[in-house]
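User: I am new to this structure and would like to go through some of its contacts. Please show it first.

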Amino acid sequence: MQLSGHSKKLILLAEDDADDQELLENALGEIDPSWQLMCIPNGKKFLRYLETISDAELPALLVLDYNIPELTGMEIIEQLNDQVRYTNIPKIIWSTSNSPAYKAKSMALGVADYIIKPSDLASFLSIAKHMLSFVKE
């Protein structure tokens, strides 16, 4: 059952790498073309966008690059955690870093998962399926 107040098929991605965005978008399209991926390449703009949309327009999933301009994925999570409006939206940090410290800090903030960005399309498909597993339908 989909949570009320969330856009059923929207994933909001905080990502400044166009290649990673495109690969994830292609992978999601192969799994289920009804999913829409909206990308915002900057942490401050990402937060500003979330603040301007209605509860009904909130995405079903937030995927945040650990290291994006202006606010990192971690800083975004910290700010979202202060607002009850975002409590029921699963949040995933993804990064090129496999640092145990980054992962531990992310998980301590309550993210659903910390995912290492893959380097090939087959892995992107697997990662995209894993991401969708956190969305309640």
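User: Which residue forms a salt bridge with D65, and how far apart are the closest N and O atoms?

Analyst: This is a predicted model, where local features need pLDDT of at least 70, side-chain atom pairs count only at pLDDT 80 or more, and totals for chains, interfaces and linings use all residues. Residues are numbered from 1 along each chain as its sequence is written, and side-chain values use heavy atoms, leaving out hydrogens and water. A salt bridge is a side-chain nitrogen of Lys or Arg within 4 Å of a carboxyl oxygen of Asp or Glu. The partner of D65 is K117, with the closest N and O atoms 3.3 Å apart.

User: Are D20 and K117 buried or exposed?

Analyst: The side chains of D20 and K117 also meet in a salt bridge, at 3.0 Å from N to O. Buried means under 20% relative accessible area, exposed over 50% and partly exposed in between (1.4 Å probe, protein chains only). By that cut-off, both D20 and K117 are buried.

User: Which residues are linked in a network of salt bridges?

Analyst: K117 pairs with D65 and with D20. The network links E15, D20, D65 and K117.
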